[in-house]
Amino acid sequence: MNDILYVAIPCYNEEEVLPETSKRIKEKIQGLIDNKVINKKSRVLFIDDGSKDKTWEMIKKLCESDEIFSGIKLAHNRGHQNALIAGLMTAKEYADMVISMDADLQDDINVVDKFIEEYYNGSDIVYGVRSSRKTDTAFKRSTALAYYRILQKMGVDIVYNHADYRLMSKRALNGLEQFKEVNLFLRGIVPLIGYKTSVVEYERSERFAGESKYPLKKMLAFAIDGITSFSVKPIRMITALGFILFLVSLIMLVYSIIIKIIGHADSGWTSVICSIWMIGGIQLLSLGVIGEYIGKIYNETKSRPRFIIEEFINR
């Protein structure tokens, strides 16, 4: 029976929340093992993403004290998505199914039972989807809604209100392994794998302790990555904008000639300055978007490893 479960949890400076996270997830996994829902070889896999605090020391102690815990230490900080893919690719060699979740206890551990139930019903991918955003601020709620709509308009296949709380079967993870891009946006990649999928809704809680590892700056960078990694529409929008400006310039040329002929050639300073600033701003914005794509091409062509594992503990 394909019943070995690994829970992959990326960690970055999580010493404040790790004791409670390990306690709760152990209780959940041990209960599933005792009830023979999953195999006794199932594990909780913490991935330390180059933390600067005592996160790795705590993970090592957990691994030494209880074989239900396993740990990966990355050689240096590679970011959440790379840490997550490191855990998934490592876990798939030992597990039949892998659940990914964050260490901050915002994801409801109790829906793990439903994830596994959907897996046994034939789903290769089970998405954890937030049933509401009551815990978010009005700003975050509105920007998240706008972002998902923008992604959908750009043609990105993405599950609304889904982050990285999901279950994937070994078959799905083998499919994920075939996606070699360095610029990772797993929320967009996973739906491209295919296979049977299902959704489990849950209420997202407040962070148990510590600070969010995704401040506004990182969230904006992550949002831009999501768009530019899966859609060329921004480039096409620049082309369309350039064509429109070209047509406007032709109209203005004809208008200027007519004004010259009828003897009203005095030009206004305001209109000239506004035109210069507008066109200059559009050009800089366009260069920035093009540069974002060129930067991604640059990173992909170097083919550098997405992660390097310094230490792996798995009993």
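Visitor: Hi! How much of the protein chain counts as buried?
Guide: Hello! Of its 315 residues, 44% count as buried. Keep in mind that this is a predicted model.

Visitor: Thanks. How many helices and strands are there?
Guide: The protein chain has 10 helices and eight strands.

Visitor: And among contacts between residues at least 6 apart in sequence, what share join residues at least 24 apart?
Guide: That share is 84% in the protein chain.

Visitor: Let's talk helices. At what angle do α1 and α2 pack?
Guide: Helix α1, residues 18–34, packs against helix α2, residues 55–65, at about 30°, and their axes are 11 Å apart. That angle makes α1 roughly parallel to α2.

Visitor: Is that crossing left-handed or right-handed?
Guide: The crossing of α1 and α2 is right-handed.

Visitor: Which residues meet there?
Guide: From α1 you have L18, P19 and S22, and from α2 they meet T55, M58, I59 and L62. By type, the residues of this contact are five nonpolar and two polar, with no charged ones.

Visitor: OK, what about α6 and α7, how do they cross?
Guide: Helix α6 covers residues 170–177 and helix α7 covers residues 186–193; their axes come within 9 Å and cross at roughly 115°. The two helices are therefore roughly perpendicular to each other. Their crossing is right-handed.

Visitor: Who makes the contact in that one?
Guide: On the α6 side, A172, G175 and L176; on the α7 side, L186, I189 and I193. Five of the contact residues are nonpolar, one is polar and none is charged.

Visitor: Switching to aromatics: how many aromatic pairs turn up in the whole structure?
Guide: A search of the whole structure finds six. One of them joins Y94 and F312, a tilted pair with 6.0 Å centre to centre and 55° between the planes.

Visitor: Where do those two sit in the chain?
Guide: In distant parts of it, 218 residues apart. Y94 lies in the loop between α3 (80–91) and β4 (97–100), while F312 belongs to strand β8, residues 309–313.

Visitor: What about Y119 and Y120, how are their rings arranged?
Guide: Y119 and Y120 form a tilted aromatic pair, 5.5 Å centre to centre with 50° between the planes.

Visitor: Is Y119 buried or exposed?
Guide: Y119 counts as buried, because its relative accessibility is 12% and the cut-off for buried is under 20%.

Visitor: One more residue: where is F307?
Guide: F307 is in the loop between α10 (269–302) and β8. Its relative accessible area is 22%, which makes F307 partly exposed.

Visitor: What is F307 in contact with, leaving aside its neighbours within four places in sequence?
Guide: The contacts of F307 are L74, R78, N82, I85 and A86.

Visitor: And what separates the C-alpha atoms of F307 and V182?
Guide: Those C-alpha atoms are 9.8 Å from each other, although F307 and V182 are 125 residues apart along the chain.

Conventions: Residues numbered from 1 in each chain as written. Predicted model: local features only at pLDDT ≥ 70, side-chain atom pairs only at ≥ 80, totals over all residues. Heavy atoms only, no water. Axes fitted to C-alpha atoms, helices over the stretch in contact; angles between N-to-C directions. Helix = DSSP H or I, 4+ residues; strand = E, 2+ residues; numbered from the N terminus. Parallel < 35°, antiparallel > 145°, perpendicular 65-115°, else oblique. Left-handed = near helix turned anticlockwise from the far one by under 90°. Contact = heavy atoms within 4.5 Å. Nonpolar A, V, L, I, M, F, W, Y, C, P; charged D, E, K, R; others polar. Phe/Tyr/Trp six-rings, centres within 6.5 Å; stacked < 30°, edge-to-face > 60°. Buried < 20%, exposed > 50% of the residue type's maximum accessible area, 1.4 Å probe, protein only.
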